[in-house]
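Hi,

Here is the model I promised to pass on. Have a look at it first, and then read my notes below.

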Amino acid sequence: MDKGGNQIFPICLVSAKQMATSLSNSPCSLLFHPPSSQKQRYHNSRNPILRVLVSNVIGKTKRRMKALQNDKVNAEFDLEVGKQLYLGMDFGTSGARYALIDKEGNIHAEGKREYPLFMNKETADWLQSWKVTLFALLKDVPVSLRSTVVSISIDGTSATTIILDSKTGESFCKPFLYNESCPEALPSVKSIAPANHTVCSGSSTLCKLVSWWNSDNSTKESAVLLHQADWLLWLLHGKLGVSDYNNALKVGYDPEVESYPPWLLSQPYSRVLPSIQPPGTAICALKESIRTDYGFPKNCVICTGTTDSIAAFLAARANQPGKAVTSLGSTLAIKLLSTRRVEDARFGVYSHRLDDKWLVGGASNTGGAVLRQIFTDEQLEKLSEQINPAEPSPFDYYPLQGVGERFPVADPKMEPRLHPRPASDVEYLHGILESIACIEAKGYSLLKDLGATPVEEVFTAGGGSKNEKWIKIRERVLGLPVSKALQTEAAYGAALLAMKGAAE
């Protein structure tokens, strides 16, 4: 405790002297710093940095055999002696993925897991599901590659909030999920925050904290707030109370001045707020018990993470103002690189810091989860093949999985609109895909109206990036070039953050 009675949580930041310095020219340097001309040329080149290494590459048999004899290299992935790898994990709304990359950006292994269902009485036990999935992904990393993993980072869903007892490590309540709204806390938050601030939304992390603070009767002296990524990383490093400025944005942290604002620090619940570091900062070494159980090296460090949509943006390498990334997963999230910061809670718009620029955007509750309520994956694939993307759909829907929308309209009472349903499933899917594209277009138009750099090109990440007909529909609706990002998985972006942390 400090003199004011606030609980202080230790941060074990790894010294740069403890880390290898050989990564200074690595791709991760593009994440938060303006690239040099040399790095820019590397990024703009057609070097296939995203290829997956395979075992039957011609001309490398001798090196693989030598590696097997020395027991230092996995022949399956053709790993050079002494090579270091970086592990990123993405925890989305319906499942998790991992990607293992080297400093050139090559993928050496990747995989995914769906969340197992655990129940606590009548509600889903998400903490148990996430924990089991985390260690399942660690186990999925090829055994022969684990000894080369020098850093790990994780991204999680934005505003998914967990409040722990720092004495026991147990949660005070079930997690507040990313799309949950706490409208009863909104008046209190609006009374202290600046008008139209990011936290002035019922689904913000701060509203969730205030809701818990006002309704929970348990002792709060030992409470600490963590976001989903923070909590998962804590399971690996064991240092409570550490977060990053991307995840902390919706609890009120100001990344421009790098501190919590006075209006927030003056509140009694401010003592539960975590310490903040930039994304991709080395926190501490991997727990010894985990390291030995899974075979990771002694120099493996855990790094601060980010949100899932930002990780997807980083993976896409859209590093010029006007470039944007739309993540089409269970939900729809857009991120636009802008020279100007834009915030307006009336529309669910907020800006994340990215070096000297800003990632302006928002996240809608529309997306793939709605499609899966109606169609199977096989149906989606077959029906999409029959759609003519050049022909506009006559149907005007607002596809939502349930009641409530966050962006481009912040309305917790908005009802889904999925009728009328035509007799043709092809026409119905066409209408839904086009309606989601219209929501995306309204989002980018709104960002421009609020002062952000106008969008010039859109890259697509997430599961929806695989649907070529949907990309063509979106190109027509947006009136912009739309393409699948070279790397579409947020886990890859998290791996880049791990690389950044190892390079400190």
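Before the details, one cut-off: "buried" means under 20% relative accessible area, "exposed" means over 50%, and "partly exposed" is in between (1.4 Å probe, protein chains only). This is a predicted model, so to speak of local features I needed pLDDT of at least 70, and side-chain atom pairs count only at pLDDT 80 or more, while totals for chains, interfaces and linings use all residues. Residues are numbered from 1 along each chain as its sequence is written, and side-chain values use heavy atoms, with hydrogens and water left out.

First, the overall picture. The chain has 504 residues, and 58% of them count as buried. Its secondary structure comes to 15 helices and 19 strands; these are DSSP runs numbered from the N terminus, with helices being H or I of at least four residues and strands E of at least two. For contacts I use heavy atoms within 4.5 Å. Among the contacts with a separation of 6 or more, 69% are between residues 24 or more positions apart.

Now to Thr160. You'll find Thr160 in the loop between strand S6 (149-156) and strand S7 (161-165). Its relative accessibility is 0%, so Thr160 counts as buried. The side chain of Thr160 reaches the backbone nitrogen of Tyr178 at 3.0 Å, which falls under the polar contact rule (a pair of N or O atoms within 3.5 Å; within protein, one must be able to donate a hydrogen and the other to accept it, and residues adjacent in sequence count only if both atoms are side-chain atoms). Leaving aside residues up to four places away in sequence, Thr160 touches Trp130, Phe176, Leu177, Tyr178, Leu226, His227 and Gln228.

The axes of helix H3 (residues 126-140) and helix H7 (residues 228-237) come within 11 Å and cross at roughly 55°. That makes H3 oblique to H7, because angles under 35 degrees count as roughly parallel, over 145 as roughly antiparallel, 65 to 115 as roughly perpendicular and the rest as oblique. The axes are lines fitted to C-alpha atoms, for helices over the stretch in contact, and the angles run from 0 to 180 degrees between N-to-C directions.

Which residues in H3 and H7 meet? From H3 there are Leu127, Trp130, Lys131, Leu134, Phe135 and Leu138, and from H7 there are Gln228, Trp231, Leu232, Leu235 and Leu236. They divide into nine nonpolar, one polar and one charged, where Ala, Val, Leu, Ile, Met, Phe, Trp, Tyr, Cys and Pro count as nonpolar, Asp, Glu, Lys and Arg as charged, and the others, Gly among them, as polar. An α-helix has 3.6 residues a turn, so residues three or four places apart point the same way.

H7 is mostly covered, with 10 of its 10 residues buried. Among them are Asp230 and His237. Just after H7, Gly238 takes a positive phi of about 80°.

Arg317 has phi near 55° and is found in the loop between helix H10 (308-316) and strand S14 (323-328). With a relative accessible area of 12%, Arg317 is buried.

Leu332, in strand S15 (residues 332-338), has a relative accessible area of 0%. Leu332 and Ile439 are 107 residues apart in sequence and 9.1 Å apart in space, C-alpha to C-alpha. Ala485 lies in the loop between strand S19 (482-484) and helix H15 (490-502) and is buried at 4%. Not counting residues up to four places away in sequence, Ala485 touches Ala316, Phe459 and Thr460.

Cheers
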